[in-house]
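Here is a friendly briefing to read alongside the sequence and the 3D view. Keep both open as you work through the topics below.

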Amino acid sequence: MSVREIHEFLNEMWGGIFRLNEELKAELPGEGFKVEDVEEAFGAYIFLEGEWRLMKYPHPAFEIKPQIEVGATPESHYFVVAVPKERINENFVGLFIELFPRSFIYGARDFLSDIYNWRRDGRVSPTEILEKIEGSPEKLFQFEANFGSMGTLKQGILRLIDIGKRFEIFDL
C-alpha cells in the first residue's frame, strides 16, 4: 500500500466517523441519548489472524451516553455497548447475535477473554453464551458488533437502540 493510499484510507475512516457523529447528534437526543464529540482512542485491540493485538496508534471513536462507544479501526466500523450482567437474558443475547452476526461478547475487565467471538466460534446457541456469562465473575459485559460500512454501522446503532430499549439494558 502506498503512502497516498494509506492517507486516503485514514481520511475516509476519520471523515466517516465525523459525519456519522454529526448525524447522530441531530437524531438521538430525542431518544434520550447524548452524543459526545469524536476523540482519538488509544490502547484499543484489533482481532487479527486469530488473536487480539494492541493498536499502538489512535483510531476515531465517540460515545453515545449512556453505555455505547462507536468507532472505526483499519479492520471495521464498530459499536460496543456495555450491559450489566443482571440485565442480560437469553432473548437479548439471541437477538443480538442474530441481528449482528459479526459480533464479540466479552467482560469489561478481562476483555481479551471472549465469551463469544464470531470469527472463532461460528454459530453458538444463545443458551451456551448465557451460561458463560452467568458463570463469569464479570459484572459488566461488552457487546460489540462490526460492520463493513458507515451506513450499515448507523443502521446497526439504530437497531441496537431499539432492542436495548425493548430489553431495558440502558440507564435512561
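Helix H1 (residues 3–27) is the element that gives the most to the lining of the second largest pocket, contributing four residues. Please keep in mind that you are looking at a predicted model.

- Sorted by class, the lining of the second largest pocket holds six nonpolar, five polar and two charged residues.

**The largest pocket**

- Rolling a probe the size of a water molecule over the atoms shows where empty space is left.
- In the largest pocket, that space comes to about 530 Å³.
- Which residues are the closest to the centre of the largest pocket? They are Ala 44, Glu 69, Val 80, Tyr 106 and Glu 144, out of the 28 residues that line it.
- Strands supply two or more lining residues each: E3 (45–48), E5 (59–65), E6 (68–72), E7 (77–84), E8 (103–107) and E10 (140–147).
- The lining of the largest pocket divides into 16 nonpolar, eight polar and four charged residues.

**H1 against H5**

- Two packed helices are described by the angle between their axes and the distance between the axes.
- For H1 and H5, the angle is about 30° and the axes are 10 Å apart.
- The crossing of H1 and H5 is right-handed.
- On the H1 side, the contact uses Met 13, Gly 16, Ile 17, Leu 20, Glu 23, Leu 24 and Glu 27, while H5 brings Met 150, Leu 153, Lys 154 and Ile 157.
- Seven nonpolar, one polar and three charged residues make up the contact of H1 with H5.

**H2 against H5**

- The axes of H2 and helix H5 (residues 150–166) cross at roughly 170° and come within 11 Å.
- How do H2 and H5 run, roughly parallel or roughly antiparallel? Angles over 145 degrees count as roughly antiparallel, and therefore H2 and H5 are roughly antiparallel to each other.
- Phe 92, Leu 95, Phe 96 and Leu 99 of H2 touch Arg 159, Leu 160, Ile 163 and Arg 166 of H5.
- The contact of H2 with H5 has six nonpolar residues, no polar ones and two charged ones.

**H2 against H4**

- Helix H2 (residues 90–99) packs on helix H4 (residues 126–135) at about 120°, and their axes lie 9 Å apart.
- This angle makes H2 oblique to H4.
- H2 and H4 cross in a right-handed way.
- The residues that meet are Glu 90, Val 93, Gly 94 and Ile 97 from H2, and Pro 126, Thr 127, Ile 129, Leu 130 and Ile 133 from H4.
- Six nonpolar, two polar and one charged residues form the contact of H2 with H4.

- Most residues other than glycine have a negative phi, and most peptide bonds are trans.
- Lys 65 and Pro 66 are joined by a cis peptide bond, with omega about 5°.
- Pro 66 sits in the loop between E5 and E6.
- Gln 67 is not a glycine, yet its phi is positive, at about 80°.
- Gln 67 is placed in the loop between E5 and E6.

Note on methods. Residues are numbered from 1 along each chain as its sequence is written. This is a predicted model: local features need pLDDT of at least 70, side-chain atom pairs count only at pLDDT 80 or more; totals for chains, interfaces and linings use all residues. Side-chain values use heavy atoms; hydrogens and water are left out. Axes are lines fitted to C-alpha atoms, for helices over the stretch in contact, and angles run from 0 to 180 degrees between N-to-C directions. Angles under 35 degrees count as roughly parallel, over 145 as roughly antiparallel, 65 to 115 as roughly perpendicular and the rest as oblique. A crossing is left-handed if the near helix is turned anticlockwise from the far one by less than a right angle, and right-handed if clockwise. Contact means heavy atoms within 4.5 Å. Ala, Val, Leu, Ile, Met, Phe, Trp, Tyr, Cys and Pro count as nonpolar, Asp, Glu, Lys and Arg as charged, and the others, Gly among them, as polar. On a 1 Å grid over the protein atoms alone, a cavity is a set of points where a 1.4 Å probe fits but cannot get out, and a pocket is an open set with protein on both sides within 12 Å along at least five of seven lines; lining residues have an atom within 4 Å of a point. Grid points are joined across faces, edges and corners, and a volume is the space filled by probe spheres set on the points.
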